[in-house]
Amino acid sequence: MAVWKLKSALMGATAFAALAAGMAGAQAGSFGVRDQSAIGTGDGFAGAAAGADGLSSMFWNPATMTDRGGIQFSTNVTPIFPYSKLTADPSVASPLTAGPLAPLYSQSTGDIGVNAVAPSMSGSYQINDHLWAGMTINAPFGLGTEVPNSFAGSFYGVDTSVFSIDLNPNVAYKFNDMFSVAVG
């Protein structure tokens with residue numbers, strides 16, 4: 001009987017660990033801004049880590065800078081115009097959605113998405129036949145919402161925003177035309 005309990009506990013712990021590991025990948029996904037290059041945006045980032053997106057592929061794989069000799073520079077600015085709308089659920093009772101205060105508050109927000117600009121830059125310098133130095137700067141997370149105070153649901157929350165800047169210095173070494181390594 002003790003072996004059965006141990007086996008059941010081990011299986012339960014393994015299932016829980018697998019479930020917990022799978023949930024970690026969804027954090028802040030809706031605020032992700034994957035516009036490191038105009039080329040990448042156009043082709044849906046297919047082949048980005050293999051260097052198909054030009055110099056900005058350094059964001060995904062810094063060794064790709066060894067495919068471009070000399071001094072290289074790439075920049076991209078992507079305007080973002082999100083649209084999001086909230087509507088209060090009248091079946092959820094709160095002081096602002098039901099009762100005498102309800103007429104003072106709107107049941108819908110209109111557009112709450114905050115317009116933004118996502119810049120990105122990449123640069124590389126070929127030091128000699130085998131050694132490159134580079135840098136990528138971008139904003140992989142950033143967006144926000146602004147909910148008006150007159151919205152009935154503002155009782156639960158008003159504004160959100162996420163923003164980060166990624167500065168990634170890189171060094172790459174090219175062994176031959178087929179093999180390069182990099183750190184960043």
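Rings of Phe, Tyr and Trp (its six-membered ring) pair if their centres lie within 6.5 Å; planes under 30 degrees apart count as stacked, over 60 as edge-to-face and the rest as tilted. Keep that rule handy for the exercises below.

A word on the model: it is predicted, so local features need pLDDT of at least 70 and side-chain atom pairs count only at pLDDT 80 or more, while totals for chains, interfaces and linings use all residues. Residues are numbered from 1 along each chain as its sequence is written, and side-chain values use heavy atoms, with hydrogens and water left out.

**Exercise 1. Work out how strand 2 pairs with strand 1 and with strand 3.**

Solution. Two strands pair if DSSP finds at least two bridges between them. Take strand 1 (residues 71–80) to begin with: it runs antiparallel to strand 2 (residues 116–126), with 10 bridges. One spot to look at is Ser74, whose bridge partner in strand 2 is Ser122. Next, go to strand 3 (residues 131–146), which is antiparallel to strand 2 and joined to it by seven bridges. There, Gln126 sits opposite Trp132 of strand 3. Finally, check the link: a hairpin of four residues takes you from strand 2 to strand 3.

**Exercise 2. Find the aromatic pairs and say how their rings are set.**

Solution. The ring rule gives a count of three aromatic pairs. Phe59 and Trp60 make an edge-to-face pair, 4.8 Å centre to centre with 90° between the planes. Phe59 has 19% relative accessibility, so Phe59 is buried; Trp60 has 35%, so Trp60 is partly exposed. Then try Tyr173 and Phe175: their centres are 4.8 Å apart and their planes are at 70°, so this pair is edge-to-face. Tyr173, at 35%, is partly exposed, and Phe175, at 46%, is partly exposed. To finish, ring pairs tie Tyr173, Phe175 and Phe179 into a cluster.

**Exercise 3. Locate the nonpolar patch on the surface.**

Solution. Patches are made of residues with over 30% relative accessible area and no salt bridge; like charges are joined within 9 Å, nonpolar side chains (Val, Leu, Ile, Met, Phe, Trp, Tyr) within 5 Å. Here the members are Tyr173, Phe175, Met178, Phe179 and Val181, with about 540 Å² of accessible area together. Such areas come from the Shrake-Rupley method with a 1.4 Å probe, and for residues only the protein chains shown count as cover. The elements giving two or more residues to the patch are strand 4 (159–176) and strand 5 (179–183). Phe175, for one, lies in strand 4.

**Exercise 4. Which residues form the salt bridge, and how far apart are the closest N and O atoms?**

Solution. You want a side-chain nitrogen of Lys or Arg within 4 Å of a carboxyl oxygen of Asp or Glu. The structure holds one such bridge. Asp177 and Lys174 form it, with the closest N and O atoms 3.8 Å apart. Now check the cover: Asp177 is exposed because its relative accessibility is 69%, while Lys174 is buried, at 16%.

Key:
Buried means under 20% relative accessible area, exposed over 50%, partly exposed in between (1.4 Å probe, protein chains only).
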